[in-house]
Amino acid sequence: MIEDKLLILRFKQGRHEALRQIYDKYKVELLRLAVVLIGDSNTAEDIVHDVFVKFARSADRIRLTGSLRNYLITSVINRVRNHLRDSNRHRQTGLDGAELLVSYERGPRQWAVLDEQLALLSKALQELPYEQREVICLRMETDMTFRQIAARQSESVNTVKGRYRYGMIKLRSLLNSEVEK
Amino acid sequence: MKPADEIRRFFKNAELGIDPDADEKVFKDVFGAHKETTENVPAMPEIWRIIMRSRKAQFTAAAMVVLITYLCLQIPKSLVAPAYALDDTIEAYNSIRYLHVKSFWMVAVEKCDLESWVEYDEDGKPARFRSQASWFSTDKRLGPATFVQDGDGSHTWLPNLNFCFRRSGESVLTGALLQYTRSDVDPKLVCEKLRQQARDGEIILDVNEPKQKNEPIVLVVTYPAESRSANWKKVLYIDQATRLVKKEEKFEKRGGQFQLERTTEFLDYNQKIAPEMFSLDKELPENVIWIDLSEEVGLVQGDMTDEEIAKEVISQVLQAFIARDFNKAGQLFWGVPGFFIEKLLGVNVLKKIISVGPVYRDPDPDLNLMMCSCKLILEIGGQYYETDMKMYAVPVSGQPGRWMICRMFGNSKPASGEMIPVE
């Protein structure tokens with residue numbers, strides 16, 4: 001925490017090595033979170049890329065009241081939600097499983113390299129409703145408490161617990177069937 | 001090992017690597033953005049700081065803030081009258097511990113009513129509930145049914161038959177009923193779902209807030225043309241003072257017009273329900289026939305789609321009817337014992353399956369049912385009948401990954417032509 005505060009201080013002073021340290025410290029965690037939330041590596045890469053670029057541009061005005069890690073995680077989640085909302089708005093009829101599979105094929109950039117298990121996990125997670133998926137990903141990837149997730153989703157703790165429970169049941173069944181295959 | 005631990009291990013073991021070349025390219029973009037920002041600091045903050053060094057400027061700014069605040073406070077309340085929002089109702093339900101509701105709907109020409117009492121725990125989770133249905137099936141011999149979940153187990157009491165089904169823990173039947181009762185009737189869940197659907201653009205929400213305080217706020221929910229529920233409409237009547245739902249009506253469009261499908265009235269909120277309501281001990285006769293329900297219900301979905309598993313479970317139950325294997329049919333139909341299925345079928349004998357399918361999702365926005373049209377030949381009292389049967393498959397409540405048959409009904413007419421032998 002203190003280390004992050006020093007990093008932010010130096011980052012705001014325009015010290016590029018501080019930016020490098022922040023970038024190296026959080027890029028994998030943010031990429032993992034984006035990949036499991038969105039299921040498509042290319043889009044996840046774009047989201048995390050944009051988050052870091054926007055963060056870098058905010059050096060002169062950023063004022064963190066909480067932790068740097070939470071700030072970056074929130075930025076990723078907000079962008080994922082915006083992306084899903086926009087893609088829902090523009091979605092054409094006829095989107096089916098085949099299209100989803102195509103999105104797993106990698107483009108030329110390949111910033112994030114997923115092992116088989118992560119690819120399987122992110123694919124299974126996409127079968128869950130987004131709200132359930134977000135609760136599970138935040139619990140598993142960021143170790144947030146239900147109370148913190150509830151505050152983030154503007155829901156009651158019970159609603160969040162319910163989403164977690166139902167999501168876990170379905171995810172387990174999906175993963176079991178995938179492993180059996 | 002707990003399921004959560006297994007999933008957690010799955011998350012921990014899943015790895016993400018970074019391609020160094022692509023990584024440098026991304027960082028170059030990030031670095032460029034940082035450089036651009038730090039080298040082009042806007043002049044405005046500096047100017048502002050210089051201006052604010054003046055005492056006069058500081059005084060003027062402070063006076064402006066006071067003036068704006070005063071003006072904001074003077075805006076007549078009528079201009080900012082609080083518009084109704086679903087959040088108001090969701091918030092209002094946070095303090096509800098007891099609920100008493102009554103629903104009415106029609107199955108073919110039969111009217112059915114279901115009255116439910118639900119007690120919630122401090123976390124808002126249903127702890128105990130009781131539902132009374134006017135009849136269990138259109139076959140009136142089965143009579144009414146009472147479902148009770150007391151927290152430790154569940155009972156389904158059919159007084160006409162003197163049967164009481166029981167299972168420790170949450171039974172599939174009461175679990176499904178509770179799930180249904182809650183998702184369709186629990187106003188908080190209904191409103192939470194509507195709020196989410198409105199955010200996702202899945203529904204069109206029209207709020208009509210009358211000026212007269214004694215009239216309810218009317219929420220009309222319709223579904224976009226591309227939705228599976230495009231022919232459905234829901235109307236919620238909300239008390240203006242308490243923000244609690246008083247009544248819900250569901251309509252389905254038939255013949256170009258919306259027809260009332262189901263009415264739910266919320267009779268009491270937070271009226272303490274007597275503990276005896278959640279127990280059948282004093283109601284059951286001494287000679288009641290106890291029936292323990294089977295543990296595993298339905299079929300495993302595996303890698304089948306919802307349509308495929310629905311068709312499979314429906315096909316298997318029909319094959320079981322033909323083979324007169326009622327135990328198997330019962331296992332696929334709520335997990336009830338074979339003799340009960342035999343009783344349900346009565347004099348109907350399934351002789352031949354002509355077709356099964358197509359399968360599609362039921363358009364009712366509140367149900368997750370797969371519906372399948374089947375053409376069958378039944379023998380009833382020595383006479384053959386062609387029957388169009390609608391069969392419904394559903395995920396088994398409390399048994400993830402399994403599907404069962406939850407209801408079926410059909411219309412028969414005397415079969416024409418010569419009968420083909422059963423395959």
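Helices are DSSP runs of H or I with at least four residues, numbered from the N terminus. That numbering places A:Ser154 in the loop between α8 (146-153) and α9 (157-180) of chain A. The model described here is predicted.

**Chain A**

Chain A has nine helices and one strand. Along the sequence the pattern reads α-α-α-α-α-β-α-α-α-α. Of its 181 residues, 47% count as buried. Among contacts in chain A with a separation of 6 or more, 68% come from residues 24 or more positions apart.

**The interface of chains A and B**

How many residues does each chain bring to the contact? Chain A gives 54 residues and chain B gives 42 residues. The size of an interface is often given as the accessible area lost when the parts come together. Here the two chains bury about 4,200 Å² between them. Carbon and sulfur atoms carry 61% of that area. On the chain B side, B:Phe10, B:Phe11 and B:Leu16 lose the most area to chain A. Together they make up 18% of what that side buries.

Five salt bridges link chain B and chain A. One of them joins the side chains of B:Arg8 and A:Asp143, at 3.6 Å from N to O.

Which elements of chain B supply at least two residues each to the side that touches chain A? They are α1 (3-13), β1 (16-18), α2 (20-39) and α7 (187-199). The largest share, 14 residues, comes from α2(B). By class, this side of chain B has 16 nonpolar, nine polar and 17 charged residues.

The chains also pair through strands. Strand β1 (residues 112-114) of chain A runs antiparallel to β1(B), and three bridges join them. Within this pairing, A:Ala112 has B:Ile18 as its bridge partner.

**A sheet in chain B**

Chain B holds an open sheet of five strands with antiparallel pairing. The strand order is β14-β18-β17-β16-β15. Why is one side of β14 (299-300) and of β15 left without a neighbour in the sheet? Both strands stand at the edges and each has a single partner strand, so one side of each has no neighbour there. For β14(B), antiparallel pairing over two bridges connects it with strand β18 (residues 402-414) of chain B. In β18(B), B:Arg402 is the bridge partner of B:Val300.

Most residues other than glycine have a negative phi, and most peptide bonds are trans.

| Residue | Phi | Relative accessible area |
|---|---|---|
| A:Ser154 | about 55° | 54% |
| B:Asn270 | about 55° | 35% |

Neither residue is a glycine. A:Ser154 counts as exposed because its relative accessible area of 54% is over the 50% cut-off. B:Asn270, at 35%, is partly exposed. B:Asn270 sits in the loop between β12 (257-269) and β13 (289-292) of chain B.

Where does a cis peptide bond occur? It joins B:Gly357 and B:Pro358, with omega about 5°. B:Pro358 lies in strand β15 (residues 348-361) of chain B, one of the edge strands of the five-stranded sheet.

Conventions. Residues are numbered from 1 along each chain as its sequence is written. Chains are lettered from A and ligands numbered from 1 in the order in which they are written. This is a predicted model: local features need pLDDT of at least 70, side-chain atom pairs count only at pLDDT 80 or more; totals for chains, interfaces and linings use all residues. Side-chain values use heavy atoms; hydrogens and water are left out. Contact means heavy atoms within 4.5 Å. Buried area is the accessible area (1.4 Å probe) that two parts lose on being put together, summed over both. A salt bridge is a side-chain nitrogen of Lys or Arg within 4 Å of a carboxyl oxygen of Asp or Glu. Ala, Val, Leu, Ile, Met, Phe, Trp, Tyr, Cys and Pro count as nonpolar, Asp, Glu, Lys and Arg as charged, and the others, Gly among them, as polar. Two strands pair if DSSP finds at least two bridges between them. Buried means under 20% relative accessible area, exposed over 50%, partly exposed in between (1.4 Å probe, protein chains only).
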